[in-house]
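This briefing covers the sheet, the helices packed on it, the nonpolar cores and a helix pair. The model is predicted.

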Amino acid sequence: MFIFRRVSISFANKMIFHTACNATTLHIIDFGILYGFQWPILIQHLSAMPGGPPKLRITGIDLPQPGFRPAEGLEETERRLARYCERFNVPFEYNAIATQNWETIRIEELQLASGEVVAVNCLFRFENLSDETVDVDCPRDAVLSLIREMNPDIFVQAVTNGSYSSPFFVTRFQEALLHYSALFDMFDATLPRDNQQRLHFEQEHYRREAMNVIACEGAERVERPETY
């Protein structure tokens, strides 16, 4: 799983870098930025561009934290990326949007500017948006419509290829069983069963995913992958 995500990050960064090769300003709109771990390697590549790096603008979108400071995590991501950009002499600007409902984001909040190269990035997070099986006016369609309205120069996303998003329980259970069995077969072929990192990942990540897929219905089910 880690390898798959590393490949996804590498591919996304390469395509964004290629699109921004002649840009004076690169604006990345990242749905699900979390800790921003994807961007340091891209910042390094931008710093080495002939003629100097473009200005890097990042709009980081993610879920708010519980408590009185919902944007605290996004602000920490901003400080981390700002230090990295300063180290590599890349001009930097950051815009944080912390919201539970991505479908309510308005294009004005993204602060798009004329002349900049716009890259929309989302790795493995659209599968957590409700689809048409929950609501006819579903959040997933609303977010995709927002991206279309942005008219970005590049849109990069990564998805989990899965058929276990059926609204019918028996079908969903069968597909989930096949999907997770394949993952555990892969683990068995590469890692011993008593490997502590494997055990932690299985318990904290896949157990939570599988429980949500199997035990939750309607809006409570947030794991909604799509097939390619």
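Five strands form an open sheet in the order β3-β2-β1-β4-β5, and their pairing is parallel. The twist from one strand to the next averages 15°.

**Sheet**
- β3 (92–98) and β5 are the edge strands; each has a single partner strand, so one side of each lacks a neighbour in the sheet.
- The parallel pairing of β2 with β3 runs over 7 bridges.
- G60 is placed opposite A96 of β3.

**Helices on the sheet**
- α2 lies across β1, β2 and β4, and runs at about 170° to β1.
- α3 lies across β2 and β3, and runs at about 165° to β3.

**Nonpolar cores**
- The largest nonpolar core contains 27 residues, and I16, L26, I28, W39, L56 and I58 have the most contacts inside it.
- Elements giving two or more residues to this core include α1 (2–19), β1 (25–31), α2 (39–47), β2 (55–62) and α3 (72–87).
- Leaving aside residues up to four places away in sequence, I28 touches I16, W39, L42, L56, R57, I58, T59 and A119.
- A second, separate core has 17 residues, among them I97, L110, L146 and M150.

**Helix pair α5 and α6**
- The axes of α5 (residues 169–190) and α6 (residues 196–215) come within 10 Å and cross at roughly 170°.
- α5 is therefore roughly antiparallel to α6.
- Residues of α5 in this contact include F169, F173, Y180 and F187, while those of α6 include F201, Y206, V213 and I214.
- By class, the contact has 12 nonpolar and 5 charged residues, and no polar ones.

Notes:
Residues are numbered from 1 along each chain as its sequence is written. This is a predicted model: local features need pLDDT of at least 70, side-chain atom pairs count only at pLDDT 80 or more; totals for chains, interfaces and linings use all residues. Side-chain values use heavy atoms; hydrogens and water are left out. A nonpolar core is a set of buried Ala, Val, Leu, Ile, Met, Phe, Trp, Tyr and Cys residues joined through side-chain atoms within 4.5 Å. Buried means under 20% relative accessible area, exposed over 50%, partly exposed in between (1.4 Å probe, protein chains only). Helices (H or I, at least four residues) and strands (E, at least two) are DSSP runs, numbered from the N terminus. Contact means heavy atoms within 4.5 Å. Axes are lines fitted to C-alpha atoms, for helices over the stretch in contact, and angles run from 0 to 180 degrees between N-to-C directions. Angles under 35 degrees count as roughly parallel, over 145 as roughly antiparallel, 65 to 115 as roughly perpendicular and the rest as oblique. Ala, Val, Leu, Ile, Met, Phe, Trp, Tyr, Cys and Pro count as nonpolar, Asp, Glu, Lys and Arg as charged, and the others, Gly among them, as polar. Two strands pair if DSSP finds at least two bridges between them.
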